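Dear colleague,

I am handing over the structure we spoke about, and I would be grateful if you kept it open beside this message while you read. My notes on it follow below.

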Amino acid sequence: MTTVHEPALPETPAAPRVWPASTTEPRPGDLAVGGVPLAEIADRFGTPVYVLDEAEVRHRCRTYRDAFPDAEVLYAAKAFLCRAMVRWMDEEGLGLDVCSAGELELAVTAGFPPERMVLHGNAKSPRDLETALRLGVGRIVIDSPSEIARLAAAVGPSGRQKVMVRVVPGISAGGHEKIRTGTDDQKFGLSIADGYAQHAIARILGQPQLRLTGLHCHLGSQITGIKPYLAAVRRMVGLMARLHDQHGLVLPELDLGGGHAIAYRPGDDALDPASLARRVRTELADACASAALPVPRLVIEPGRAIAGPAGIALYRVLAVKHSGGKVFVAVDGGMSDNPRPALYGVRYAPRLTGRNSTAAPARVTVVGRHCEAGDIVASDAGLPADVRPGDLLALPAAGAYHLSMASGYNLVGRPPVVAVRDGLARLLVRRESIEDIRSRDVGL
């Protein structure tokens, strides 16, 4: 049994692996993850199917706990959530960052302590706030001035609710303009530059029902460098110093969000949690010392960095077509189970599995089955030149923002999620059936 090696670069911190650490190749061309051959999973559960390596998820949780031993680590549930994932986060000592009543209720019904959750959202519905208060969520992140009075009224005169304020630090970072959230020209948070953040904080301090515990910021997603986080620390501590001067306020928490990049293809950069933690702690200590403030407790919110590298998507090839000088390999999934390539140009490196091919590699475009020209799974992908209908393709780094962003386009049911560990595979989320789709249609 040999371990799979990425063809482009050795597996070093500068060239992180894109497959789970448990990935092996028991026979040439036949990949296994968590001790389970991927071809067996496809045969047993059908395709498309998501495979989630439980050991990889847990390992990444522990990596963050080890890197940030004094911080609060919250898993960003929007990346991917199911009841098993909730259980794993609880057992590994992480909290949860949730964005809706749905995520909150799923977690609580799976047994997760609500006091270890933080509720986000730029436009929280009345149901979101009511559910959070009813279930006792730990903190609510205020994202707009109108939330202050609404939340205070919902809490009631005798109640108390811990809150944070999402601040826009004016820093551009992230892998694409659609996933950059730290600048003043997007929908999240309250700006430092125009004074809205300071004004909102003053209003919160006038509401005895609300207890302000800290500031929050989130710069974006797929951030590969550490410098944006250091800049955010300086700006957030600068705001904390001004709040101390104006109101005598000492805030015990600083949430720097997440957005830590992972590798989707060999050669991609990824953010190393240990390096990030070391430099952020130093920057925070220095900034607080300069401002004569006590060092607040850090809060971080990795999502993709925990779930993404642990997931694999499996597709069956339906057709191979030569057209316009290109080779199109069409599979039985696409933008309904992974809209990310169409939304912001994410690039993947699929691999043939289930049979050994000695054919020379060819550059192909892996496309989905949906009625959109932009339904591309992987552009300029390297696959054997003899790829053919019936072949199985494995797409690594598919654990985050796949099922959570899946749609019902063309009335194609969403794929199942299968967990693997120690040679066993078990179903976590079943496939969405035609009956599921039909039962929601009550118009006759």
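Is His370 buried or exposed? Please bear in mind throughout that this is a predicted model. His370 counts as buried because its relative accessible area is 7%, which falls under the 20% cut-off for that class. The residue is found in the loop between strand S18 (361-367) and strand S19 (376-384). Leaving aside neighbours within four places in sequence, His370 is in contact with Gly333, Gly334, Met335 and Ser336, and also with Asp375, Tyr409, Asn410 and Val412. As for its place in the whole, the C-alpha atom of His370 is separated by 48 Å from that of Ile204, a residue 166 places away along the chain.

Asn410 is found in the loop between strand S20 (392-395) and strand S21 (417-421), and with a relative accessible area of 37% it is partly exposed. Asp380 is another residue that is not a glycine and yet has a positive phi, here of about 50°; Asp380 is found in strand S19 and, at 38% relative accessibility, counts as partly exposed.

Two further points concern the backbone. A cis peptide bond, with omega of about -10°, joins Thr47 and Pro48, and Pro48 has its place in the loop between helix H1 (38-45) and strand S5 (49-53). Helix H3 (residues 83-91) has Ala84, Met85, Val86, Trp88 and Met89 as its buried residues, and just after this helix Gly93 takes a positive phi of about 85°.

Turning to the protein as a whole, there are twelve helices and 22 strands. For 444 residues, a compact globule would have a radius of gyration near 22 Å, and the protein, with 23 Å, agrees with that. Along its principal axes the C-alpha trace spans about 70 × 60 × 45 Å. Of the 444 residues, 56% count as buried, and among contacts between residues at least 6 apart in sequence, 67% join residues at least 24 apart. The protein exposes about 18,700 Å², of which carbon and sulfur atoms supply 52%. Its side chains include 51 positive and 48 negative ones, and the centres of these two sets lie 1 Å apart.

What, then, makes up the interior? In soluble globular proteins, nonpolar side chains tend to be buried together. In this model the largest nonpolar core has 113 residues, and those with the most contacts inside it are Tyr75, Met85, Met89, Leu215 and Val366. The largest share of this core, eleven residues, comes from helix H8 (residues 227-247). A second, separate core of 20 residues includes Val18, Phe45, Leu314 and Ala394.

Which residues does Leu215 touch, not counting those up to four places away in sequence? Its partners are Met164, Val165, Val167, Ile201, Met236, Leu239, Met240, Leu243, Leu251, Glu253, Leu254 and Asp255.

With best regards

Key:
Residues numbered from 1 in each chain as written. Predicted model: local features only at pLDDT ≥ 70, side-chain atom pairs only at ≥ 80, totals over all residues. Heavy atoms only, no water. Helix = DSSP H or I, 4+ residues; strand = E, 2+ residues; numbered from the N terminus. Rg over C-alpha atoms; globule rule 2.2 N^0.38 Å. Buried < 20%, exposed > 50% of the residue type's maximum accessible area, 1.4 Å probe, protein only. Contact = heavy atoms within 4.5 Å. Areas by Shrake-Rupley, 256 points an atom, 1.4 Å probe, with all protein chains shown as cover. Lys, Arg positive; Asp, Glu negative; His and termini not counted. Charge placed at Lys NZ, Arg CZ, Asp CG, Glu CD. Core = buried A, V, L, I, M, F, W, Y, C linked by side-chain atoms within 4.5 Å.
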